[in-house]
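Please walk me through this model by question and answer.

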Amino acid sequence: MTSQRSGRQDWRVLLAIFWLTSMVEGLGVSQIFAFLPSYLRDMGVPEPDRLQFVGLFGALIFVVGMPLVPLWGVWADKYSRKVVIIRSAVVEAVVLAAIALSREPWQLAGSLLLVGFQLGNTGIMLAAIRDSAPRARIGTALAVFGGSGPIGFAVGPVLGGVVVDTLHWGLPAMFTVSALLSLGTALLLALGSREVRPEVIPAGGTLALAFGAIRGVLSDVQTRRIFGIFFVAFLANQVARPYLPVLVSHINGPVGEASAIGLIIGAVALFGAIFGPVGGWLGDRIGYRPVLVGALIGTGIASLLMPAAPSAATLALIALAAAALYATVAPMIFALLATEVASDRRSQTLNLVYLPLYIGGIVGPVVASQVVKAGLAAPFVLAAAVYLAGGLLIAGQIRGSSARPGAAD
C-alpha cells in the first residue's frame, strides 16, 4: 500500500480518526445552532429581539474565524497539520464550557466569538486525507469524511433533547458534556494520529504565504468558480438554518420542545450523513457538476415548501429530503478541488476551502436577521431563491466546463 511504502499512517486509520474528530466537532456546533433560540429565550430576550438575535448571534461564530482561515493553513503546512488540528479540538472544549457558563446574552455573544479560534481544521484534514488516500479512492474517502459532520449534527441535537427533556439537566449541562467529548478527541488526535506533510512545504513569512495563498486561489479561474459555487450553497443554507429550530418550535409547541427540535434536526442531519457518500459514489460515475445541479435545485424546492408544512411530521419529511440533497454538495466541491487543482497549489486550496463557508456564514445569518422581520417564512423563501439561482447557473456552465465521470479515478 502507498501509505505503508512511504512510511505514512494507513490512510484508513487516519480517515477514521479525523472522522471521529469532525463528528464530535459537528456535535457541539449543532447544539449551538439547534438550541441557540431556546437559550436566548431562557435568558429573557423579548421575542422580536430574539428572532433577530438568532441570526446575528449565528454570524458571530464566523466573524473571528474568517481572517484566521489562511493563517491556520499556512501554519499547518509549514510546521504541523497535527498540532493545528489538535488546537481546534482543545479550543472547542473551551468554547462549549464558556457557553455553558453564560447567563446573559452578552456573555453568550462573547463565547460565540471564541468559536473563531476553533475553526480552520476541516480543510487541513481534507488536505491530509487527499495526500494519504490512493487517487482511485479520493472521491469515496472524501465523501465518507464528509458524512462525519452531518452525523455529529445528528447526534448533537438528539443528545441535547435527552439531557434537557429526559434528564432535566438543562442546556448548560448539555454544553458541558459536549466540552468533555471535545477534550476526548484532542487526546485521540495526540495519541493516535501521525503527521502528514504536504507534497510542497511552503517557505517564507506567514503573512506573505497566507495572502499569497489567497491570491493563488483567486487567480485561478477554475478554483474561483468552484469556490463561488460553495459560497452560494452555504449562503443559502445559512440564511435558513438558524430559523429551522424556531420553525420546529412554532409548529410543535412548548411541550417537549427540546426533544422535538433534537429529533427533527438530528434526523435531518443523519439522513444527510447517509446520503453524503451516495453523492460521492454518484459523482464519481456521472460527474460532479451534474450532481451539484440536481442537489442545489432540489434543496431550493424543499426550502420553499418548509414554511408551508402543516405539521411537525410533514416538516420533518421535507427537511429530510433537503438534507439528503444538500449533503452531496460538500463532497462534490471537495472532489472537484482535489482532482482539478494542480498539486503545487492543492494543499493551499484545500486549506482555504472553507473560506467561502465563513463568508456565507456571516452574510447569510445577518441578512436573515433582517429578512425575518417580514415573517418566519421569509428566510426560507430567500434561501430557496439562492439555491435555485446557483443550480441554474451551474447548469448553464456545464457545457463549457467538462465534468468527466472518471475524474477522480
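Predicted model: local features only at pLDDT ≥ 70, side-chain atom pairs only at ≥ 80, totals over all residues.

Residues are numbered from 1 along each chain as its sequence is written, and side-chain values use heavy atoms, with hydrogens and water left out.

Q: How many helices and strands are in the protein chain?
A: Helices (H or I, at least four residues) and strands (E, at least two) are DSSP runs, numbered from the N terminus. On that basis the protein chain has 20 helices and 0 strands.

Q: What is the radius of gyration of the protein chain, and what would a compact globule have?
A: The radius is taken over C-alpha atoms, and the globule rule is 2.2 Å times the number of residues to the power 0.38. The C-alpha atoms fill a box of roughly 60 × 45 × 35 Å along the principal axes. For 409 residues the rule gives a value near 22 Å, which agrees with the chain's 20 Å.

Q: What percentage of the 409 residues is buried?
A: Buried means under 20% relative accessible area, exposed over 50%, and partly exposed in between (1.4 Å probe, protein chains only). In the protein chain, the buried share is 58%.

Q: Among contacts between residues at least 6 apart in sequence, what percentage joins residues at least 24 apart?
A: Contact means heavy atoms within 4.5 Å. For the protein chain the percentage is 85%.

Q: How many of the 14 residues of α4 are buried?
A: The buried set includes L68, W72 and D77. α4 is mostly covered, and the count is 10.

Q: At what angle do the axes of α12 and α19 cross?
A: Axes are lines fitted to C-alpha atoms, for helices over the stretch in contact, and angles run from 0 to 180 degrees between N-to-C directions. The axes of α12 (residues 221–240) and α19 (residues 355–371) come within 8 Å. Their crossing angle is roughly 35°.

Q: Is the crossing of α12 and α19 left-handed or right-handed?
A: A crossing is left-handed if the near helix is turned anticlockwise from the far one by less than a right angle, and right-handed if clockwise. For α12 and α19 it is right-handed.

Q: Which residues of α19 meet α12?
A: From α12 come F227, F230, F231, F234, L235, Q238 and V239. Their partners in α19 are P356, L357, I359, G360, G361, V363, G364, P365 and A368.

Q: Is V363 buried or partly exposed?
A: V363 is in helix α19. Its C-alpha is 9.7 Å from that of F62, 301 residues apart along the chain. With a relative accessible area of 34%, V363 is partly exposed.

Q: Which residues does V163 touch, not counting those up to four places away in sequence?
A: V163 lies in helix α9 (residues 148–166). It counts as buried because its relative accessibility is 3%. Its contacts are H168, W169, G170, A173 and M174.

Q: What is the phi of H168?
A: H168 lies in the loop between α9 and α10 (171–192). Most residues other than glycine have a negative phi. H168 is not a glycine, yet its phi is positive, about 60°.

Q: Which residues does G300 touch, not counting those up to four places away in sequence?
A: G300 lies in helix α15 (residues 288–305). It is buried, with a relative accessible area of 0%. Its contacts are A384, Y387 and L388.
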